[in-house]
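Visitor: I would like to learn how to read a structure that is new to me. Could you go through it with me, feature by feature?

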Amino acid sequence: IDVRVDHDESQRQLAAAIGYHQVQIARYETGQNTPPIAYLVKFCQHYHVISWVAGGCRVAAKTLKKEAA
């Protein structure tokens with residue numbers, strides 16, 4: 001939720017951008033359903049973040065590029 005809200009994007013806008021229904025997004029955000037890996041990949045691509053789900057970390061892709069240089 002934090003990433004979506006930080007980008008001032010509604011559930012409906014996110015859903016349209018990544019090809020999901022708003023109700024699905026709401027269920028993932030409230031914990032009613034567990035999002036599939038395909039959703040997580042699209043979510044990360046949309047917001048340009050890399051997510052290590054097991055560790056709970058989110059790192060901006062730009063930061064990784066800067067560190068690699």
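Visitor: How many aromatic pairs does the structure hold?

Guide: A pair of aromatic rings is described by the distance of the centres and the angle of the planes. Rings of Phe, Tyr and Trp (its six-membered ring) pair if their centres lie within 6.5 Å, and planes under 30 degrees apart count as stacked, over 60 as edge-to-face and the rest as tilted. This structure holds five such pairs. In one of them, the rings of Tyr20 and Tyr28 have centres 6.4 Å apart and planes at 70°, so the pair is edge-to-face. Tyr39 and Phe43 form a tilted pair, with 5.9 Å from centre to centre and 40° between the planes. Ring pairs link Tyr20, Tyr28, Tyr39, Phe43 and Tyr47 into a cluster.

Guide: A word on the source: this is a predicted model, in which local features need pLDDT of at least 70 and side-chain atom pairs count only at pLDDT 80 or more, while totals for chains, interfaces and linings use all residues. Residues are numbered from 1 along each chain as its sequence is written, and side-chain values use heavy atoms, with hydrogens and water left out.

Visitor: Which residues of helix H4 are buried, and where do they fall around its axis?

Guide: An α-helix has 3.6 residues a turn, so residues three or four places apart point the same way. Helices are DSSP runs (H or I, at least four residues), numbered from the N terminus, and buried means under 20% relative accessible area, exposed over 50%, partly exposed in between (1.4 Å probe, protein chains only). In H4, which covers residues 37-47, Tyr39, Phe43, Cys44 and Tyr47 are buried. Seen down the axis of H4, the buried residues fall within an arc of 130° (taken from the directions from the helix axis to the C-beta atoms), so they line one face of the helix. Ile37 and Gln45, on the other side of H4, are exposed.

Definitions and conventions
Helix = DSSP H or I, 4+ residues; strand = E, 2+ residues; numbered from the N terminus.
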